[in-house]
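User: I have a model open and want to learn how to read its features. Can you walk me through them?

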Amino acid sequence: MSLDQHPDLPPDWDLSKVIPGELHVPDDLSGEDIAPGIVVPYESRPPVLRQAGSAAMVVAAKTGRACGLSARWFFAGAGAVGFLGWRYVRAHDLQETLGGMSKSSDWNKVDIVRRKRWRLLGWTAGITTGLNLAGWWALVRFGEMTALDWSWVIPPTTTAAIAATLVTMYGRYRVNRPEIGPMQMIADQDNPESDEPFPLALCTSPGMVEDCVSRAFAWEGIGTRAIRALGFRGKFWEIDVVLKGSTPGKVNAVAEQLDAHFNIKAGGTLIDPDPAESAHIVLRLVTGNPFEDMPKPRVHAPNSLDIADAHHFGRCMDSSDLTLVIEGQRILVIGVSGAAKSTGVLRDLAEVITACHNAIALDFDPVKDGLREFEGVMAAPPIRGNRACEEWLEHLVKMAKGRNVVRNRLGMGDTWVATREHPAIIGFFDEFIYMSPLAKERFIELLRIGKQSGIYVVAAGQDATSDAMGDAIADTFTTKIMLASRWDDIRIVLGQGAAAKGFRPDRLVPAQNKDIKNDAGQSYIKGPGLDRPLLYGWNEHSRSGIQQSVADRKAAGRPWFDRDTLAAAGLLHLADGGSGEKRIPGDRQIVFDAIEVMAEAGVERIRPEPLAEALAEFNPDLYEDLTVAELRKLLKDVGVGAPVPIGDIDGLINPRGYKLEALTVLT
């Protein structure tokens, strides 16, 4: 085979391993010591035109990519700048700071800021126009250009180029950092892997919220095993946290520092420990008022409710309804001035109670005006001053004692059963701490004996110390409501360790005036079925709405003290109600009193003389001057008739008198 031949290679050969080259046959005269037939490799040398074409394509590709990126950056920057400009002129940042515009003062503030910003934009546009005119004049005056050539184009073109460059540079930043919104700023971090906290407002995803909480906890020395964002609930983030080597109390102890780390409002860090797992808590980070969208409450129709039912009083921060059963409850309301005790909690309770067909209420206030708006549907005129409070508290104590007899006689069982004929009695005691020592003493007695007799109390005050309450009785109330309060009262009212469990009414801020309400009307509650440290918002009834409902309820008629209770308490003189009109029929009351007297004496027959004496002892205010002749006449008038022979009694042979069975028939 000749060396000049170039046979085809087999088609199945792997040519990737073939070395390109040529067969070299040395010249005999060359003198080089190269063996004949050796293959000498050579490097590929593309043509010059091909090299120039490749370079041109690279330049074109790079230039096109640069133009495309510049356009993308410009439009991204223009969109972001437009978004920021809209937020600026509409004062959205101020609206977010205010937490929305829920009142007229908020609208006024936003309107003022909007006008100021439009004026600033106007001045900026005017100054920019002036600078362009000055540049045009300089080109004509010193640049040897005429007024009608390109001298008038150069200044605005330069301004536009500068603006476009800045917008493009900002757009490049926006494209490279898509996770940060145009209105946000990135926290300064010396080391991205550090645990340095950053504000909650920077978070745009649940993952960032988890990282935000993790860093804040680590900064305060609180270990965690797991952190999971459960979601955003409209006005607060809810995060599930499993602690490691820490307790809920430790988290609560640094709540103020956590507020600062998250940069949320004071009192915005709330914890909800899991009673089944001591290292498990639910963290709530409040970013706004969770109750600002509560619907306006409606007033109830006259006598349409039952005191034994659960009634709606507001809403929990988790959007569930706040419902309470008032019957059987002794309620304590504690809150500093401006916390909405009277206009919030007490007004809500009174609105429901005065709409019940089987409950009546009394309004006590030793120093202020109490619940004056409910005058006319209470069981008595407003009770004001310590002397009146002492007198009516004495009446209620007598009623509570007398009702034990009535309850047993009517077969109600262990506790009083409220009906329209025998309603429950609820006393409202506002500004309790200003009551006299005697009034407090009688209140405490009523608190301890009134439950079985269907007489319940609602006490409100600014603090709950034993000096203020008259005794250490705060823990005897069954339902405790704490609005914005002092730290010292948390343990007294809600119990030892309540603050460590997340009950922090001391971090609520009372209202400053009718426009700056802060946390007024928000509370923590501990009572039957309410043992979690959640915020509850109370309904806000308007005074005009209450006045209209009071007029309707007066026209429909309200229940009053039952005659059995008044008789048993020796208070039949209250039947007048102070208005000159009999509130309950009193002409047959002597029959019920005679039955009570005979039942207590354990006799079924009695002569008129000992009956008159017993009645005078039973109720001196009513029967002290009652003569035997008057007794005979009263009993005859109500249908008992004249005395009849009752058999041998008191050493007498068959005297005349009255039999218990004859009196009972008339009842």
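**Side chains, rings and confidence**

Analyst: Start with a polar contact: a pair of N or O atoms within 3.5 Å; within protein, one must be able to donate a hydrogen and the other to accept it, and residues adjacent in sequence count only if both atoms are side-chain atoms. Here the N386 side chain reaches the backbone oxygen of Y434 at 3.4 Å. The N386 side chain also reaches the backbone nitrogen of S436, at 2.7 Å. Ground rules next. This is a predicted model, where local features need pLDDT of at least 70, side-chain atom pairs count only at pLDDT 80 or more, and totals for chains, interfaces and linings use all residues. Residues are numbered from 1 along each chain as its sequence is written, and side-chain values use heavy atoms, with hydrogens and water left out.

User: Where is N386 placed, and which residues is N386 in contact with?

Analyst: Helices (H or I, at least four residues) and strands (E, at least two) are DSSP runs, numbered from the N terminus. N386 is in helix α9, residues 386–410. Contact means heavy atoms within 4.5 Å. Leaving aside neighbours within four places in sequence, N386 is in contact with P366, Y434, M435 and S436. N386 and S436 are 50 residues apart along the chain, yet their C-alpha atoms are separated by 6.1 Å.

User: Is T354 buried or exposed?

Analyst: Buried means under 20% relative accessible area, exposed over 50%, partly exposed in between (1.4 Å probe, protein chains only). T354 has 1% relative accessibility, so T354 counts as buried. N386, at 26%, counts as partly exposed. T354 is found in the loop between α8 (341–353) and β10 (359–365).

User: What does T354 touch, and which backbone oxygens lie by its side chain?

Analyst: Not counting residues up to four places away in sequence, T354 touches F374, V377, R553 and R558. A polar atom of the T354 side chain lies 2.7 Å from the backbone oxygen of A350. For the backbone oxygen of E351, the distance to a polar atom of that side chain is 3.4 Å.

User: How many aromatic pairs are found?

Analyst: A pair of aromatic rings is described by the distance of the centres and the angle of the planes. Rings of Phe, Tyr and Trp (its six-membered ring) pair if their centres lie within 6.5 Å; planes under 30 degrees apart count as stacked, over 60 as edge-to-face and the rest as tilted. The whole structure has ten aromatic pairs. F313 and W538 form a tilted one: 6.0 Å centre to centre, 55° between the planes. F313 lies in strand β7 (residues 310–316) and W538 in strand β16 (residues 536–538), so this pair ties together parts 225 residues apart in sequence. Both F313 and W538 are buried. W560 and F561 have ring centres 5.0 Å apart and planes at 80°, so that pair is edge-to-face. Ring pairs also link F364, F429, F432, F443 and F477 into a cluster.

User: Which residue lies over the face of W416?

Analyst: A charge sits over a ring if NZ of Lys or CZ of Arg is within 6 Å of the ring centre and within 35 degrees of the ring normal. R403 lies over the face of W416, 3.8 Å from the ring centre. K526 lies over the face of F503, at 5.3 Å.

User: Where is confidence lowest and highest?

Analyst: pLDDT is the predictor's confidence in each residue, from 0 to 100. The chain averages 82. Confidence is lowest in strand β2 (residues 38–41), at a mean of 58, and highest in strand β12 (residues 424–429), at 95.
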